[in-house]
Amino acid sequence: MSAKLKHSSSSRIFALFTRYFFLLRSSWPRIIEIAYWPTMQMVVWGFVSKHFAPSSPELTAGGVLISVVLIWDTLFRSHISYTLSFLEEMWSRNLGNLFVSPLRPWELMLGLACISLIRTLIGMIPAALLAIPFFGVSVFDMGLPLFAFFFNLVLTGWAMSQFVTAILIRYGLGAESLTWVLPFLIAPFSCIYYPLSTLPGWMQEIAAFIPTTYVFEGMRALLIEGVWRQDLLLKSLSFNVIYLGLGMSAFLFAFRVARKHGLLLQAGE
Amino acid sequence: MNTILETHSLTKKFGTITAVNDLSFSLCRSSITALLGGNGAGKTTTLSMLLGLLRPSSGEISLFGKDFVKDRFPVLGRMNFSSPYVDLPQRLTVGENLLVYAKLYGVVYPKERIQQVAKSFRLEKLLDQRLRRLSSGQKTRVSLAKSLINEPEFLLLDEPTASLDPDTTVWIREFLQEYRDQRGATILFASHDMREVELLCDEALLMKEGKLVEKGSPQGLLDKYQRSNLEEVFLQVNRKGME
């Protein structure tokens, strides 16, 4: 009896998603770890916020400090989840098997993005929920804008991951540390804990090209002034679309280079 | 007999090194061919190009009548690959690994197909075991099972019986012959095991320094070089020009 085959992009992306889901469910400590770090961040910054509340109300008004910490972690989780899933393929020397299958590189990117979203939600939802009883701060009170902020940061995380995975394909596991370094490179420019005006002029010019800057400016406007700045959100989204396009191109370019130099079979520990 | 694979002047250069040089050969449907050569002869580079993992510097690959170098995706679903040097995810169970690859290859009834290959490769009792807990021989069987999950028309194998015990080696050999006969599949494998080549293949391609230096049926090569086994033929061809 012949195996009946039906080729479609959606089934291959789902196959990849299944692979990462199996990996995730194979270890309870892993799942707990995903939620552990955002929760610890929330707890620590929650107490910092409580401590500064009487002396610096502008810093803590509307639970802004806890909210930005949680939202910033969204970017970090989204990036780490995407890149770590890709690293799993390198660590397990599985890239060769994947790329001799009909899987297209863009399908791999989409599969990684899907599992990244799931892992980010697993990490962020418990922390956001626990912030309510612990500190009386609910990020969900932001309503629809919360999803817009969240979505934008997830996109930024994916764009960064596309660049990092491109470098990993080209230079191998020697570039692994970039995974952890890159989010912190944009952190000072993102104005997470302070307004854009705090930065010196030259840093403001750089910050203007970083999508996360507009997310945090927008969040402060919403939480402190009660103003919903759609213009900031649109700027953030526009930059994200550009960086995602560039990231995708970088990944596809790295993949072509890897095929030229025979790096796909060698990739691994 | 119709041809499924044709390479024409296939060449791969890495900087100043020419790993594969002007390689032209063809494979007929339902044939088993061995790719032989010493270390650095260009076998792995050739296999990588035939799998689409490596882009040739020049030359053509026609697979199932399609230009494989230009667009490999239409035919990748009709082929598969196994190598002891490329792993499957170790943290997944055997069953999970096979399910993922069944879906990647678009197998419509993946669970039924997994049962079939598990039975064929005596893996039924290992389906719930994580791959990292298996012996190297068991892992080789899983890798072979994965390579047959889509019932490929063209199967590429890199040392298919490496790290298998003699009993399993014989059994795999018989299985591959049976698979070829039943499915009409074409099998190309790289091997250092000359006994295996004699017993399994219809044709052998001998490579040296990136070039195809000899080809023919095992018996044809034995007659031509008047040797009693392929290992002696291999040594004679490989040492030609060195003495």
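The turns that follow go from the whole chains to the sheets and then to the contacts between parts.

This is a predicted model, in which local features need pLDDT of at least 70, side-chain atom pairs count only at pLDDT 80 or more, and totals for chains, interfaces and linings use all residues. Residues are numbered from 1 along each chain as its sequence is written, while chains are lettered from A and ligands numbered from 1 in the order in which they are written.

Q: What makes chain A as compact as a globular protein of that length?
A: The radius of gyration is taken over C-alpha atoms, and the globule rule is 2.2 Å times the number of residues to the power 0.38. For the 269 residues of chain A the rule gives 18 Å and the model has 20 Å, which is close, so chain A counts as compact as a globular protein of that length. Along its principal axes, the C-alpha trace of chain A spans about 70 × 40 × 30 Å.

Q: How do you know that the radius of gyration of chain B agrees with a compact globule?
A: A compact globule of 243 residues would have a radius of gyration near 18 Å, and chain B has 18 Å, so the two agree. The box that the C-alpha atoms of chain B fill, taken along the principal axes, is roughly 55 × 40 × 35 Å.

Q: What secondary structure does chain A have, and what does chain B have?
A: Helices (H or I, at least four residues) and strands (E, at least two) are DSSP runs, numbered from the N terminus. On that basis chain A comes to 11 helices and 0 strands, whereas chain B comes to 9 helices and 10 strands.

Q: Why is strand β9 of chain B called mostly covered?
A: A residue is buried if 20 or more other C-beta atoms lie within 10 Å of its own, exposed if 12 or fewer, and partly exposed in between, with C-beta atoms placed from the backbone. In β9 (residues 203-208) of chain B, 5 of the 6 residues are buried.

Q: What makes β3 and β9 of chain B paired strands?
A: Two strands pair if DSSP finds at least two bridges between them. Strand β3 (residues 32-37) of chain B is joined to β9(B) by 5 bridges, and the two run parallel. Thr33(B) stands opposite Glu203(B), and Ala34(B) has Ala204(B) as its bridge partner. β9(B) also pairs with strand β10 (residues 211-216) of chain B, in the antiparallel sense and over 5 bridges, with Met207(B) opposite Leu212(B). Between the strands of this hairpin there are 2 residues, and Glu209(B) takes a positive phi near 50° in it.

Q: Why do β6 and β10 of chain B stand at the edges?
A: The open sheet of 6 strands has the order β6-β7-β8-β3-β9-β10 in chain B, with mixed pairing. β6 (79-82) and β10 of chain B each have a single partner strand, so one side of each is left without a neighbour in the sheet.

Q: Which strands stand at the edges of the open sheet of 4 strands in chain B?
A: That sheet has the order β2-β1-β4-β5, with antiparallel pairing. Its edge strands are β2 (17-28) and β5 (66-67) of chain B, each with a single partner strand, so one side of each lacks a neighbour in the sheet. Within this sheet, β1 (residues 3-14) and β4 (residues 58-63) of chain B pair in the antiparallel sense over 5 bridges, and Glu6(B) has Ser62(B) as its bridge partner.

Q: How many residues of chain B are in contact with chain A?
A: Two residues are in contact if their C-beta atoms, placed from the backbone, lie within 7 Å. By that criterion 31 residues of chain B are in contact with 32 residues of chain A. The largest share of this side of chain B, 6 residues, comes from α3(B).
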